[in-house]
Amino acid sequence: MTRVHTIAGMALLALAAASCNQYDPGEGPDQPIAFYHSVHAGTNQIQCMYCHYTADRSVDAGIPSVSTCVGCHVPGSGAPSHVPAQAVLAFPTAQRDSVWHAEAQKLVDFWKRGEPIPWVRIHKLPEHAKFPHFVHVNVGLQCQTCHGPVQEMEKVNQQASLRMGWCIECHRGGTRLSAQEDSLVKQRSSFIRRVQALRAAGNDVRGVTATRPNQRASTDCFVCHY
Amino acid sequence: MATETETPTVVRSTFHPEVERYEEVNRDADRLLTKPGRGYTALLALTVSLVGLMVIAELHNIVFGLGMSGLTNPVGWGVYITTFVFWVGIGHAGTLISAILYLFRAPWRQSIYRFAEAMTVFAVLTAALFPIIHIGRPWFFYWLLPLPSQRGLWPNFRSPLLWDVFAVTTYLTVSSVFFYIGLIPDIAAARDSATHPMRKKVYTILALGWKGTDREWRHFTRAYLYLAALATPLVLSVHSVVSWDFAVSIVPGWHTTIFAPYFVAGAILSGVAMVVTIMVPVHRIFNLGKYFTPVHYDRLANLLILTSCIVGYAYGMEYFMAWYSGELYERDVFWDRVTGEYWWAGWSMITFNAIIPQFLWIKRVRRNLNAFFLISVIVNIGMWWERFVIIVPSLAHSYEPWKFLNYHLTWVEASVLLGSFGWFFMWFLLFLRYLPGLSIAEIKEVLPPPLKHPEGHPATVEEGSPTPVATLPSGYTEREVVV
Amino acid sequence: MSKLRTGVLGVFAYLDTATDAIRRLKHAGYEVTVYSPTPRHELEEALEVPESPVRIFTLVGAFTGTAAGTALATWTSIDWPLLVGGKEVVALPAFSVIMFEVTILLGALSTVAGLFILGRLPHIGPPEAPLYHPSFTAGNFGVFAHAPRDRYDQVQAIMTEAGSEEVLLDHR
Amino acid sequence: MADGMKRRDFLKVVGAGGVGVAAAGCSTGQADKLIPYVIQPEEIVPGVPTWYATTCRECPAGCGLMVETHEGRATKVEGTPDHPVSHGHTCARGQASVQGLYHPDRHRGPSVVEEGVGVPRNLSWSGVETDLARRIQGFRQAGRAGEIVFITGGYTGTMDRLARDFTAAVGARRVEYAPLEDAPRDLDFADADLLISFGADFLETWGSPVDYAHQFARMHAYRRDAGGAARRGRFVWVGPHRPLTGLSADLWIAPRPGTEGRIAALLAGGGGDAAAVAQATGVPPQKLQTLVEWYGQSARRVALGPGAALSGTNATAVRQAVARINGAGAAPAAGGTDLRALRQVIEEMRAGRVGMVFIDAPDPAHTLPGGMRFVEALKRVPVRVSFSPFPDETSRHCNYLLPDHHFLEKWDDYEPRPGVSALVQPVMRPVFNTRQVGDVLLALARQLGVALPGAADSYYDYLRAGWAGRASGTAWREAVKRGGVWGGAAVAAAPPPVQGDTTTAATTPAAPQPPRPAGPVAYQDLSFAGEGEFHLVVYPSYRFFDGRTANRPWLLELPDPVTKVPWDAWVEIHPEAARRLEVEQGDELEVTSRHGSLRLRAYVWPGVRPDTVAIQMGLGHEGFGQWTEGRGANPMRLLGGDSDAATGAPAYFGEKVALRRTGETNTRWTGIFEQGVRVQHDRRLAQAVSLAAITRADAAGGGRIPGQDQEIEQLHGGGGFAPVPTHTDPTAFPAEGGKFGEYIDGEVRWGMAVDLARCIGCAACTVACYAENNIPVVGPSEVKRGRDLSWLRIERYFGVTREEDEALREEATDDVRFLPMLCQHCSNAPCEPVCPVYAAYHTPDGLNAQVYNRCVGTRYCANNCPWKVRVFNWFTYKFAEPLNWQLNPDVTVREKGVMEKCTFCVQRIHERERGAAQEGRLLRDGEVVPACVQACPTEGFVFGNFSDPASALSRVAASHRGYRTLDEINAQPAIVYLKKVTLHEPANGGHGERPAPFGGDEHTPQGGVAQPAQQGGH
């Protein structure tokens, strides 16, 4: 009987340990249109926020509307007189047979049909975890810090585990940020600013400094879970 | 008193006068393990089906939600917690008899402690189900254990419920260990007498190759002593911790300092009662009169009377304090217990636990197995109601009058309650059939050893101090035996 | 020093004859292994065995438990401090329960470990004494004298004299 | 929380996909897709709510609303700040309007029921319109256009014009039927010293409840004027029973039914022979004396009424007397519904002389007196067109179903009162294939080729054209932003108020008290018909109005503010009468009048005269959807349809009924369930203090936040019992030994103050909480088990101490305490330490947090919560499609097995905090407004930061009226209650047997203040 218990205990511990193990990004899903971030963000140097236009204003980063896409791919699509039915692909006239040309044609077809593009979701948090994009963007973090080198990806996959431990690690200052990010965060983080303000006001803030000296943001449960 | 003077050759034990030789014990123990009758199979089938019922009910809780129970706001705890406390309590008598009485060298424990201890293990095993059954999201139960996880979250060690988790798991582990260690020599005995090859194989494994050598005995006896020494404070602590689940809260009727001793006494009361409830049928069916003698029943009766008095005192004191403190909420709750919707439960608890056991003062009652059995069953029922009365009316009638609302159990809860009994007795029946129910080796301790020259030892005279050959079991002084 | 793996087993129906045999054999300078269905002080006295060291295991285990319990509760509370009910984050009164339970748990487990280690349980490999008789768990006592083959006769003689019911020689 | 996850993505889908996708009813199969817009609407930022101003049309009050929309879906309504009607607040009905919008029972589209077939056939709108046009044409060619009748509701402004022009052009007749809509909505009594209501439930349905509640608080609540002098107006309720409004009264005058007018006449006549009146009305002379005294002492007094409950055939007479009190000499203009016209039409219908009827009125089949036998008349009409968005009793008997938009989907305007032209604008695309009446009428006119003045292609254009004079161009855009035009120029530009909007000449605060016309007032009593022994009072429901909002789950689950009975109807009966009939609470009674009979459960309480029974309107529907089916009974069935002799207004008063015990008694599962208890069982939860006492205390000055400077002994660390320095007020946080990690000094400490002197028990806060926090509705049977999930409840205690029977004495209703009970966010929260997994813990900013996703559901926290404000998810509750569109995406939807409770709307706190952080500043005081605070029409809540001594909260909480509930258990609540202020010495104000927080001033006896509490009943 003792044995049973010890074995069970070990099993549980092993299980728990397993849950701490490394996260494997794996292969990203196929999208309705083979959209290459590497071409748009990489080669053509388009800013992330051009398409993900609400990342600095909203909790959601925002998915570009079809009109945003055709704005580049279909000439004059912005004009009020424009009739989607006659939409034609803008460029290039060369290599009509190239793969991406065919993909871009799909886009035009969506536009003609006036249908939204059913992108497959990659990054997803459970509903009970609230993640405001704009706070993290405005505090100076690069999109790549969490989403990985998207500008080099043809098919996007989920780089970070997005597990709670992963969030906490960064909030506690454990995750390494680029020097520039780090300095920005130190100036802008509302948490750091608040603690400084309170210290300046002569309050006892040793709690923070003692427990996590280089904490970047709050790890209070209620900040993300409500 | 020194019986050897009258009959020097045939020496008899004060406790088991009808058992003459060591081998007899083995024979009787083996008798329990032999082929069972129809009754046994029927009982086993019944218990298993009750377990099935519990499983079905619990599935309802898991699939549809705890709403299937009668629980509500404000009564968040009901039959599940009541039954949890009940079973934890039952467990206590076993450890009391096997460990505490061992330390006190009470020789009458030997023949009954194996049953009692088995009862303990299975009762705790039953109780351990309920914390899981009663929570809203059982699939997350492991969050209560201090396991490392990527979240970096730990349980709250300030919560009485966590104390509970530690206390109950510790208790389950330690009592199981204690149970098994005590079994080893007897399993060896069973191994040596087993005829069925399968049984022989299993016993051989379980006996861990025990042969009863001097080395084994030497360490065994000490280890057993220390285990007993550890189990003793543990058993007292476990029900104290369980009582703190309530006492540490601020609910009127729960927030009481006497809870720990009060609960421990109650636990022993219910536990001893359950021992009797189990002993009497076993006694009858396997006719173990040789081992369960009137002496044993008297001793158990003493325990029942004592604890029943303590419990009765606690009841009185609760009401006295409620009145004497002048505390509004306290008074309301206790008034509600005896006049509210569950007044009958309140009164039955007082009658069954504090009054009925007093009949055991009468010799004719406690020597009459049927009467004793009846009383023990009544006490068990009463003790279940005690926990119910403590839990439900207090919650239904606490600070906030707007939420005075009572609780009514549903078929799901009733099924789980029944199922828990099925679960407990299922294990006990299996135990009876497959493990030595009589502690073969330890009973021999209170039997007179086989002696060729009871009156003395010529050969050893010149070897200095001659060993006085006593009829008394080694380790016990005369006074103790005569008690 | 390990005992001889050869010897003579005497089966005794009586305690006093067994103790007698033990004394004689020890007197004659033999090491003995005694089988008994139940622990008897007479045998221990005859064997003059020292106190079992199991208690050391118990003690160490228990104190380890206390330390472990304290460490667990305190460290986890400070690692992610959360305020509940305005209580201290390191609330010793509350933690004492944990300390106690872990003390008992480890104490008990290490006691068992001690028993298994010292008592050589479970028995794997060659037995301490090559000869055994099932009746030893029932009513009989057994005395095995570890002796080289050439001394069997003497041992056998002592056994019979002490009143052994049956003497078995180890011929392998 | 699997459901939750699905839902949020689902919102993304619907939101981003535009409502086109949504209306198709999006399946969760799309949950893992991200559907972007095809074209990005510029005003919408996904994830950021967009607010639209509109006007509430749940009742005639016309409150200004701000509607929160997420990705194109309305999720929450709030009052428009500084709106002349709503003052930035709402009532429970307003809060629940979104449930009307997403109601699963709504008609999905236009349909026609062919004769004989029975099953409705869905059509396209053009199809239905052509069909109708053809039929209308038929009548016109046959020269029988006069047989076309249009029954409209209380149209004002553009709709009124359109209906008038349309009927005129077509040659049809128009009848107005707008029950309960003829009360004045422009009264001003905010600075009155004495308010006398003749059965006018102005806090519930009469006139403009939100505005009036707001004014009432300003007039009646304890306050100190500029000079620091304590002020508090008096309020007298005259009527045979006490509805919610009546329970706020300081004095209840219950004249013999029918003689109420005499009281008004007495006062209007300047005193007169009080004794005689007392004789005639059966009012105890000393009560009457008190009234007359108060009347004399008051500089400015306003009388209201008569309310519907008192409107009999002599309503005009009463109204005249009331007008006289207010100083208006002439009898006020009559108006509103003229039942006589309607009765005549119904007779014609019955006689088969009506060929076609359009109905856009509040469910006449349900709300018209049974005596008028509307339904059987309706059945005689060949073509019956209903515009109702819901299936209801009327549309059930119609063969053309042309569902109207919900008001949150349509363009319209409305004149709540002279000088206010409110705009109704769509806040989202229609949920279903509905069409607003205006567009239908215009389309019909087009197809019939009749010319309407200012006709346009769409109702929107028609509206714009009509408004051209008032607001166009930027002015229009401004008006839409504000939700209308009012004040200043707007008043001048506004068209004259439509007839029927004002029946009583209102006195404005500025105007000095005009001379009262001398001489007694002619008045004749109302004579009751019928042979029962009980007078019947049929009164409108605060929750359901006349029944039009009865299908909203939130309002059904919300217990009635007075009786605290959810999901059911009842008949109120006096304990004496009950004893006589040997009836107990919940026993079934058969109520029989000349016109019909119905069965209801008895609700026994002293708030009704012994010779009277009161029944609330609103329930007893047949065919009003899944949630109202078979609930309660409709009291209108008992009425005959008499009307005011002078004005033709419906008479709800004047019927007598007989009661019979059916033998059905109350059990746990049948009968009515009254939530909570009626008395406090000696608990000091809802406290009161007499005006005199508090005046003295305030004059003495001082004041501190409750709990400060108290030392308490507690087990301290390992050190045994030690006096702990003042950790005892909400500002002292975190406590010693807790200063680890983020728990540092000087942090925000959120807290709240609740003024019981302002709380009228309307429970708007409760419904607002449901709307904001995705609180599910559990249904009648679960509510009876006590499993309702309300985070914020209004406890109603009759001001007596212990025994439930004491609440059956009449004076019990003179001191009713309403206590909003929500999570107290204690510093030493008992619920927190008992949680084994830290699901309940305290945040650094002093919130008592409940982390749903960490909760395993031990329920220990709920057991240990002395206030019992934690609620448990016993099941995973479903939100019937499309009600789930209303869910707030900022709040997690909880699954089964999880504990939940008030969070002080933490999602709003975080939203504002982030906003402030973006601007690099700290939060301003008053920036965070939880849903309950926002909704409260009497502004009884103050939310803020205790650690800022300058915050409004700290200042308010430091009042001498401040106390904390169950303070003796040292949980250190962060909610400070301010005692209710009574004129007389409260029966159990501070609970004599315990020391009062401030030296027990309140127990010193009062002189010179009338003490109705001591006066016997009838």
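Two aromatic rings of Phe, Tyr or Trp count as a pair if their centres lie within 6.5 Å, and with that cut-off a search of the whole structure, which is a predicted model, finds 78 aromatic pairs over all chains.

**First stop: a ring pair in chain B**

Select Phe115(B) and Phe431(B), and turn the view until both rings can be seen. Their centres are 6.4 Å apart and their planes stand at 85 degrees, so this pair is edge-to-face, since planes over 60 degrees apart are counted that way. If you now colour the helices, you will find Phe115(B) in α4, residues 113-127 of chain B, and Phe431(B) in α15, residues 411-434 of chain B, so the contact ties together parts that are 316 residues apart in sequence. Are these two residues buried or exposed? Phe115(B) is buried, and Phe431(B) is buried as well.

**Second stop: charges over rings**

Next, show Lys211(B) together with Tyr132(C), where the lysine of chain B lies over the face of the tyrosine of chain C, at 5.8 Å from the ring centre. Then move to chain D and select Arg57(D) and Tyr414(D); here the arginine lies over the face of the tyrosine ring, at 3.8 Å from its centre.

To see which elements surround the space, colour β15 (356-360), α15 (393-396), β18 (412-417) and α16 (437-448) of chain D, each of which gives two or more residues to the lining. Which of the elements gives the most? That is β18(D), with three residues. Coloured by residue type, the lining of the largest cavity divides into 15 nonpolar, twelve polar and 13 charged residues.

**Last stop: cysteines without a bridge**

Finally, select the cysteines, bearing in mind that the structure holds zero disulfides over all chains. Cys72(A) is in no disulfide, and the nearest cysteine sulfur, which belongs to Cys51(A), is 7.6 Å away. With a relative accessibility of 41%, Cys72(A) counts as partly exposed. In chain D, Cys932(D) is likewise in no disulfide, the nearest cysteine sulfur being that of Cys905(D), 6.1 Å away. Cys932(D) has a relative accessible area of 9% and is therefore buried, as the limit for that term is under 20%.

Terms used:
Residues numbered from 1 in each chain as written. Chains lettered and ligands numbered in written order. Predicted model: local features only at pLDDT ≥ 70, side-chain atom pairs only at ≥ 80, totals over all residues. Heavy atoms only, no water. Helix = DSSP H or I, 4+ residues; strand = E, 2+ residues; numbered from the N terminus. Nonpolar A, V, L, I, M, F, W, Y, C, P; charged D, E, K, R; others polar. Phe/Tyr/Trp six-rings, centres within 6.5 Å; stacked < 30°, edge-to-face > 60°. Buried < 20%, exposed > 50% of the residue type's maximum accessible area, 1.4 Å probe, protein only. Lys NZ or Arg CZ within 6 Å of the ring centre and 35° of its normal. Disulfide = S-S within 2.5 Å.
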